[in-house]
Amino acid sequence: MKISRRDFLKLSGYSMLGAALPRLSLLEDNAGVIQGRIVDSLIWSYQEPNRKSGRKKAYWRDLIVPITNTTVDDDESAYNRVWYQVENDGYVYSGSVQPVKTILNEPRAISLAGALGEVSVPFADAHLEADAASEVVYRLYYESTHWVTASAINPIDGQIWYALLDDKFNRQYYAPGKYIRLLSEGELAPLSSDVPNAEKLVKVNLNGQLMMAYERSRLVYATRVSTGGRLRSGTYTTPVGEYLTYHKRPTRHMAAGDLAASGFDLPGVPWVIYIKENGISFHGTYWHNDYGRPRSHGCINMTAQAAKWLYRWTIPTVSLEKELIYGRVGTRVEIEV
């Protein structure tokens, strides 16, 4: 199945705007403030939504700023033209800002069965013990997912903390329960379960950096992605071919290489859908918002919302209590240039 040039251009234009604006509509916290977390080490705001205008203010990683408006720059050749106005002042490039919420939860005691949780604040520090004075092990980011294995009460202030499983190094660390939203079974209910799996198809267009989902040859979902790119440590490719979504996990700690040379150490990567034994997968991404440009180590980066949609739409189905599903069945995936 080939996509026409007309449809490709239409999808490209739609996803450029749609990737940002619908997400922003979901990001009002209780105070009505839309927030953004800076994901790069240093960025600048500009007087206008383009880098040719004058610089206004510097922002650095993990600063949280109010997003007061969105706009599109005049460069029609750009793969991502969306800019955010911050603090009712200058404009920052959207690819360097993760839209976030601040939602506090009512933590509860966790049963022996455990639970799947999602970080519901811009970031939360994970500690070695259920105590803010203990060593910080990781910083966990908005919409990352984690297995909650137990709950603990801090004896000083009586606050409930959650023990989170590090599924790569087989250890646990703790985060305040109020920062972790526990997911319900309904949130992982299969999508379009009435459509036979044989009539579902996932297509990835590498040139356009697009993921498209089809039911009976009808396009039902499309989103911008980021696939394998040229990094400081080398050039990485997303393989062309036909695959199956045979292995799925709701969360995975991904780590490899030297952090000083494009390596990565990423706990809680959400909604992972493997298509190759070497680890190539679709998954949610919290370390950038720069979709439409190749910049991964070979995986197919998506927003957490898009990855969750695909996770629910493809087979095999993963129930809430399952850490993973691995088998010989899956939804068909075609990756082409």
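**Figure 1. Overview of the predicted chain.** Of the 337 residues of the chain, 52% count as buried, where buried means under 20% relative accessible area, exposed over 50%, and partly exposed in between (1.4 Å probe, protein chains only). The model is predicted, so local features are reported at pLDDT of at least 70 and side-chain atom pairs at pLDDT 80 or more, whereas totals for chains, interfaces and linings use all residues. Residues are numbered from 1 along each chain as its sequence is written, and side-chain values use heavy atoms, with hydrogens and water left out. The chain contains three helices and 26 strands; helices (H or I, at least four residues) and strands (E, at least two) are DSSP runs, numbered from the N terminus. Among contacts (heavy atoms within 4.5 Å) between residues at least 6 apart in sequence, 61% join residues at least 24 apart.

Figure 2. The average pLDDT, the predictor's confidence in each residue from 0 to 100, is 90 for the chain. A score of at least 70 is reached by 88% of the residues. Over residues 1-32, pLDDT stays under 50. For this segment the model has 57 contacts beyond four places in sequence. Where pLDDT is low, the predicted coordinates should not be read in detail.

Figure 3. Helix 3 spans residues 304-313 and is mostly covered, with eight of its ten residues buried. The buried residues are Ala304, Ala306, Ala307, Lys308, Trp309, Leu310, Tyr311 and Trp313. A nonpolar core is a set of buried Ala, Val, Leu, Ile, Met, Phe, Trp, Tyr and Cys residues joined through side-chain atoms within 4.5 Å. The largest such core has 29 residues, and those with the most contacts inside it are Met211, Ile275, Phe282, Ile300, Met302, Leu310 and Ile335. At least two residues of this core come from each of strand 15 (200-205), strand 16 (210-215), strand 22 (264-274), strand 24 (300-302), helix 3 and strand 26 (332-336). Helix 3 supplies the largest share, six residues. Apart from this core lies another, of 15 residues, including Ile110, Ala115, Ala126 and Ala175.

**Figure 4. Surroundings of Ile335 and Gly241.** Not counting residues up to four places away in sequence, Ile335 touches Val204, Leu206, Thr238, Pro239, Val240, Gly241, Tyr243, Ile275 and Ile300. Gly241 belongs to strand 20 (residues 241-244) and counts as partly exposed because its relative accessibility is 23%. Beyond its neighbours within four places in sequence, Gly241 is in contact with Val333, Glu334 and Ile335. The C-alpha atoms of Gly241 and Val337 are separated by 9.8 Å, although these residues are 96 apart along the chain.

**Figure 5. The largest pocket and its lining.** On a 1 Å grid over the protein atoms alone, a pocket is an open set of points where a 1.4 Å probe fits, with protein on both sides within 12 Å along at least five of seven lines; lining residues have an atom within 4 Å of a point. The largest pocket holds about 1,300 Å³ of space. Its lining comprises 42 residues, of which Gly263, Phe264, Asp265, Leu266 and Trp287 lie nearest the centre. Strand 10 (136-141), strand 18 (230-231), strand 21 (247-256) and strand 22 each supply at least two lining residues.

**Figure 6. Ala256 in strand 21.** Ala256 lies in strand 21 and is partly exposed because its relative accessible area is 36%. Gly263 and Phe264 are touched by Ala256, not counting residues up to four places away in sequence. Ala256 and Leu266, ten residues apart along the chain, have C-alpha atoms separated by 9.2 Å.

**Figure 7. Tyr46 in strand 2.** Tyr46 is found in strand 2 (residues 42-46) and counts as buried because its relative accessibility is 10%. Its contacts, not counting residues up to four places away in sequence, are with Arg51, Ser53, Gly54, Arg55, Lys56, Trp83, Gly90 and Tyr91. Between the C-alpha atoms of Tyr46 and Gly90, 44 residues apart along the chain, the separation is 5.1 Å.

Figure 8. Most residues other than glycine have a negative phi, and most peptide bonds are trans. Arg216, not a glycine, has a positive phi of about 50 degrees, and Ser217, also not a glycine, has a positive phi of about 70 degrees. Ser217 counts as exposed because its relative accessibility is 55%. The peptide bond from Ile315 to Pro316 is cis, with omega near 0 degrees. Pro316 lies in the loop between helix 3 and strand 25 (325-326).

Key. Points joined across faces, edges and corners; volume = space filled by probe spheres on them.
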